Amino acid sequence: MTATKGHHIEVEQGTEHIRVTIDGRLVADTHRPLLLHETGYPVRYYLPPEDVRTDLLTPSETHTVCPFKGTASYWSLPDGPEDIAWAYPEPRPAVARIKDHFCFYEVDSD
C-alpha cells in the first residue's frame, strides 16, 4: 500500500474469474488476478502473463508514465484495436507485485 498527498494505491490478490475477449477472441483467462485500487480510478485487474495470450499481442510504441506506478508499456492486436493492454515492466517498489502483469481496459468477471 502507498499513499501520497491524498493518493492511495493498494494491490491485493483476487480470486475472481476474469476473461478478456476482443473481437470474439479469448485473449486472457485467469482465476488469479491482482486487484489494484487507486484513488480516482475503478478497480483494475492485473493478469499474470501466463494467463494472457501474448502470442496474439504485439508491443506498441505507446508508453505512459504514472508518478505512482512507473512507466507503462502497451500492447495491441495486430489486426485489431491498438493499445488494448498495458503492463509495468519496472513498477515502483510500492506496487512491485504488478510487474509484467497485463491490464486491459475491458474485462468480464464472474
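Here is a walk through the structure above, from the overall fold down to a few individual residues.

This is a predicted model, in which local features need pLDDT of at least 70 and side-chain atom pairs count only at pLDDT 80 or more, while totals for chains, interfaces and linings use all residues. Residues are numbered from 1 along each chain as its sequence is written, and side-chain values use heavy atoms, leaving out hydrogens and water.

Let's begin with the whole chain. The protein chain has eleven strands and zero helices, where helices (H or I, at least four residues) and strands (E, at least two) are DSSP runs numbered from the N terminus. The radius of gyration of the protein chain is 14 Å, close to the 13 Å that the globule rule gives for 110 residues, so the chain is as compact as a globular protein of that length. That radius is taken over C-alpha atoms, and the rule is 2.2 Å times the number of residues to the power 0.38. Along the principal axes, the C-alpha atoms fill a box of roughly 40 × 30 × 20 Å.

How much of the chain is buried? Of the 110 residues, 43% count as buried; the term means under 20% relative accessible area, with exposed meaning over 50% and partly exposed in between (1.4 Å probe, protein chains only). Contacts (heavy atoms within 4.5 Å) also tell us about the fold: among those with a separation of 6 or more, 43% are between residues 24 or more positions apart. The protein chain exposes about 6200 Å², and carbon and sulfur atoms supply 50% of it; these areas come from the Shrake-Rupley method with a 1.4 Å probe, and for residues only the protein chains shown count as cover.

Now to the aromatic residues. Rings of Phe, Tyr and Trp (its six-membered ring) pair if their centres lie within 6.5 Å, and planes under 30 degrees apart count as stacked, over 60 as edge-to-face and the rest as tilted. By this rule there are four aromatic pairs. In one of them, the rings of Tyr-46 and Tyr-88 have centres 6.5 Å apart and planes at 40°, so the pair is tilted. The pair links distant parts of the chain, 42 residues apart: Tyr-46 is in strand 6 (residues 44–47), and Tyr-88 is in the loop between strand 9 (85–87) and strand 10 (102–104). Tyr-46 is buried at 1% relative accessible area, and Tyr-88 is buried at 4%. Tyr-74, Trp-86 and Tyr-105 form one aromatic cluster.

Thr-71 is in strand 8 (residues 70–76) and is partly exposed, at 39% relative accessibility. Thr-71 and Tyr-88 are 17 residues apart in sequence, yet their C-alpha atoms are 6.1 Å apart in space. Leaving aside residues up to four places away in sequence, Thr-71 touches His-63, Thr-64, Val-65, Ala-87, Tyr-88 and Pro-89. His-101 lies in the loop between strand 9 and strand 10 and is buried, at 14% relative accessible area. With the sequence neighbours again left out, residues touched by His-101 include Tyr-46, Trp-86 and Tyr-88.

Finally, a look at the backbone. Asp-100 is in the loop between strand 9 and strand 10 and has a positive phi of about 65° although it is not a glycine. Asp-100 is partly exposed, with a relative accessible area of 35%. Asp-83, in the loop between strand 8 and strand 9, also has a positive phi, near 50°.
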